[in-house]
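Below are some notes for a colleague who has not looked at this structure before. They are numbered so that each can be checked against the model in turn.

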Amino acid sequence: QKKLSSGQELNPRVKGKKKTAIFGFCDIHDFNEINLALEERTMLFVNEVAEIVHSSVDRFKGATNKNIGDAFLSVWKFYNEVSVKGNNEKNYQRKDNLLEIDPTNPQVKIVADCSVLAFLRIILKINKNLNILEYRNNQEILKRVPNFKLQMGFGLHMGYGIEGAVGSSYKIDASYLSPNVNIAARLESASRQFGVSLLISGVLYEILSDEMKSLCRFVDCVTVKGSVLPLDLYTIDINYNVRPQKESKILIVSNKEKRNIFSEKKAELQALIDEYGSVTEIILEKESFRELIKVRDTNFTDSWTKGIDAYKGGDWKSAKMFFTTCKNIDPEDGPTKTLLNYITGLNLVPPEGWNGVRVLQSK
């Protein structure tokens, strides 16, 4: 047996446990070029990013499970006594290998919302943190990545995972094994195709609060490697031109002091949850988060909705007209460019048997 950092003993000969959880995967873009430019200093860079990722996930009720070089796997677990229908392990209902989560339970929505809020906080911090912003001026990086600006991709999906110990008598890691973990990674990869930072699966979208759903935008219905059923994909439109944090907010503190600060912030969040039974609307009212969320005008949202309806229904000539309106309003919008390129690449003729679902050619 080996002891993990938590002090919990895990035996590699003990079978795992099936858990329903939210899996979040995030990855640093252009990492190979950054690594070549920074060389030994890459570790400093990665750990500055990790500090933001870990603290954000921890604050919003999750746990970082893996650090994989330029990527991070995070997990948000549901607690059986409040989340599963029947409130009793014997009453678990299984559907497509998923322990059936009660979407009406407020605690379920809080955990689901927190997974999204954690990733939004990471996006916010990497665009405000002065230490991270300083890398935009690093000449070695700029030689390899002109106009460098740290970008990360994020994927969020819900499903079952086998929780347990992976390894041998030499090394043991607590881990989650499941196609659903891989799907979260596929969504992160697909976020680059759609030109967005974050992709949320429809499975997770369905258990979000109404406040969080109102921020989400449907972008496509796809199949990805590892998924049996089609996945609806949603994103949240982001304004990356947020104001940098003030110099005075940067404090040199010890790790112990830092952990104490994080614990206090986490306790404040839990106190809000206990008092109001929700947290999303309160968090999103903060000035920094308001600044992060891009507000679309009615013409764009109406045209996008009509374009999606036409696209899924196979009327690609109409879809092109509506998507072109969106492109004229926002020429840099990633989902608009992606779907326009797809339908025009097929000469506005849907594939035979088109049912509104396309295969993503991505790992």
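1. There are 15 salt bridges in the structure, a salt bridge being a side-chain nitrogen of Lys or Arg within 4 Å of a carboxyl oxygen of Asp or Glu. The model is a predicted one, in which local features need pLDDT of at least 70 and side-chain atom pairs count only at pLDDT 80 or more, while totals for chains, interfaces and linings use all residues. Residues are numbered from 1 along each chain as its sequence is written, and side-chain values use heavy atoms, with hydrogens and water left out.

2. Helices (H or I, at least four residues) and strands (E, at least two) are DSSP runs, numbered from the N terminus. Both Arg296 and Asp237 are buried, where buried means under 20% relative accessible area, exposed means over 50%, and partly exposed is in between (1.4 Å probe, protein chains only).

3. Asp330 also forms a salt bridge with Arg296, and here the closest N and O atoms are 2.7 Å apart. Asp330 lies in the loop between α14 and α15 and Arg296 in the loop between α12 and α13, so the pair ties together parts that are 34 residues apart in sequence.

4. Lys294 is another salt-bridge partner of Asp330, the closest N and O atoms being 3.6 Å apart. Asp330, in the loop between α14 (316–329) and α15 (334–345), and Lys294, in the loop between α12 and α13, are 36 residues apart. Are these two residues buried or partly exposed? Asp330 has a relative accessible area of 13% and is therefore buried, whereas Lys294, at 31% relative accessibility, counts as partly exposed.

5. Helix α4 covers residues 106–126, 21 residues in total. From its first C-alpha to its last α4 reaches 30 Å, close to the 30 Å expected at 1.5 Å a residue; the expected span is 1.5 Å times one less than the number of residues. Because 17 of its 21 residues are buried, α4 is largely enclosed by the rest of the structure. The N-terminal end of α4 is capped by Asn105, which has a side-chain oxygen 2.8 Å from the backbone nitrogen of Gln107.

6. Asn129 is in the loop between α4 and α5 (130–133). With a relative accessible area of 17%, Asn129 is buried. A polar atom of its side chain lies 3.0 Å from the backbone nitrogen of Ile132. Beyond its neighbours within four places in sequence, Asn129 is in contact (heavy atoms within 4.5 Å) with Ile52 and Gln245.

7. Which residues touch the most other members of the largest nonpolar core? They are Met152 and Ile236, in a core of 79 residues. The largest share of this core, 14 residues, comes from α4. A nonpolar core is a set of buried Ala, Val, Leu, Ile, Met, Phe, Trp, Tyr and Cys residues joined through side-chain atoms within 4.5 Å. Outside four places in sequence, Ile236 has contacts that include Val116, Leu120, Leu198 and Ile293. Apart from this core lies another, of twelve residues, including Leu187 and Val224.

8. Strand β8 (residues 152–167) is largely enclosed by the rest of the structure, because twelve of its 16 residues are buried. Strand β3 (residues 17–28) runs antiparallel to β8 and is joined to it by twelve bridges; two strands pair if DSSP finds at least two bridges between them. Ile28 has Met152 of β8 as its bridge partner. On β10 (residues 198–201), which runs parallel to β8, there are three bridges to β8, and Leu156 has Ile200 as its bridge partner there.

9. Strand β9 (residues 172–177) pairs with β8 in the antiparallel sense over six bridges. A hairpin of four residues joins β8 to β9. Gly164 stands opposite Ser175 of β9, and Gly167 opposite Ile172.

10. For the chain overall, there are 15 helices and 13 strands. Of its 363 residues, 46% count as buried.

Methods: A polar contact is a pair of N or O atoms within 3.5 Å; within protein, one must be able to donate a hydrogen and the other to accept it, and residues adjacent in sequence count only if both atoms are side-chain atoms.
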